[in-house]
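Hello,

Here is the structure you will be working with. Please open it beside this email and follow the notes below it.

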Amino acid sequence: MNQFMASFSLGRRRVLPGFAPTLGFTLFYLSLIVLIPLAAVFLKSSGHGFDAFWAAATSPRVVASYKLSFGASLIAALINLVFGLMLAWCIVRYEFPGKKLVDALIDLPFALPTAVAGIALTALYAPNGWVGSLFAPGGALAFLFGPEGLKIAFTPLGVLLALIFIGLPFIVRTVQPVLEDMETELEEAAASLGAQRWTTFRYVVLPTLLPALLTGFALAFARAVGEYGSVIFIAGNIPMVSEITPLMIISKLEQYDYVGATAIAAVMLIVSFVLLLIINGLQAWTSKRGAR
């Protein structure tokens, strides 16, 4: 009996230490890296009272940057949600020449320095760039947008393109493994029962992919909200037009206005946390619904 208990205890021995020290180290590391810096943001922003905090966080120029940063991030994540799903579907379900190259290029925004990405996008979409010149006055496609054509760089549209560029891999890489594990027999069974393609996608494929899509959407949105390097060049930084919120924080820090910088950062943190909490709640709800 004693030998059995000894062998049983040895079988349950863990590589890591027990629950108490593991949890303690986890909480210590989480507090040191995440909780203490975030708490410092709120403490610093409230150091001069609520009036100073409110004045710094709600000035017209800062509010305009909120609208651009959060609005463009939301639109970019939604666009990536659609085209990222299509790209992941093509990579997983089809064979075509250059497939491995396309699969590797998806990770380019991860590996490319953000400043390099911003300069490349600006050179491409500027009025004298390869693509921007097509839409500039006198360009081949300018007639589609009137006599003044379409200006892409140094406008909110340029910000949107940069955010789409840096957010696409999150959707593809989140959905791709789920598609690879999905059994095609379910789709074939639905088709054999007379289901149309859209019906099969809606009731068979989409419920399985929805948690992964929401996760990818949350990651792409979170990355876009805080993006600075790839956006700062193509944005043009025109006050009330194309200034992003991270730029406003940098501007406040350069002016040694630490209270204003931390106030803007606190607002971004609160709004981002609420939106991510909603997305994670939807993800948990869809997972429970799919498990039934």
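Helix H9 bends by about 35° at Gly167, and a proline, Pro169, follows within four residues. Please keep in mind that this is a predicted model.

H4 has 34 residues and reaches 49 Å between its first and last C-alpha, close to the expected 50 Å.

Is Ser65 buried or exposed? Ser65 has a relative accessible area of 1%, and buried means under 20%, so Ser65 counts as buried. Which residues is Ser65 in contact with, once its neighbours within four places in sequence are left aside? They are Glu243, Ile244, Thr245 and Met248.

The other is Ile79, also in H4. Its relative accessibility is 28%, which makes Ile79 partly exposed, because that class runs between 20% and 50%. With neighbours within four places in sequence set aside, Ile79 is in contact with Leu160 and Ile164. For a sense of distance, Ile79 and Met240 are 161 residues apart in sequence, and their C-alpha atoms are 24 Å apart in space.

Next, the cavities. How many cavities of 30 Å³ or more does the count give? The count comes to one. The largest cavity has a volume of about 40 Å³. Its lining consists of Ser69, Ser73, Val159, Leu163, Ala224, Val225, Glu227, Val231 and Ile244. The elements that give two or more residues to this lining are H4, H9 (156-181) and helix H11 (197-225). Sorted by class, the lining has six nonpolar residues, two polar and one charged. Ile244, one of the lining residues, is also among the contacts of Ser65.

Two loop residues have backbone angles to look at. Phe154 is in the loop between helix H8 (132-135) and H9. The phi of Phe154 is near 65°, a positive value in a residue other than glycine. Phe154 is partly exposed, with a relative accessible area of 28%.

Asn237 is in the loop between helix H12 (229-235) and helix H13 (245-254). Asn237 is not a glycine either, and its phi is positive, at about 55°. What is the relative accessible area of Asn237? The value is 27%, so Asn237 counts as partly exposed.

Leu35 is partly exposed, at 44% relative accessibility. Leu35 and Pro239 are 204 residues apart in sequence and 33 Å apart in space, C-alpha to C-alpha.

Regards

How values were computed:
Residues numbered from 1 in each chain as written. Predicted model: local features only at pLDDT ≥ 70, side-chain atom pairs only at ≥ 80, totals over all residues. Heavy atoms only, no water. Expected span 1.5 Å × (residues − 1). 1 Å grid on protein atoms, 1.4 Å probe; cavity = no way out; pocket = protein on both sides within 12 Å on 5 of 7 lines; lining within 4 Å. Points joined across faces, edges and corners; volume = space filled by probe spheres on them. Nonpolar A, V, L, I, M, F, W, Y, C, P; charged D, E, K, R; others polar. Buried < 20%, exposed > 50% of the residue type's maximum accessible area, 1.4 Å probe, protein only. Contact = heavy atoms within 4.5 Å. Bend = angle between axes of the 7 residues up to and from the residue.
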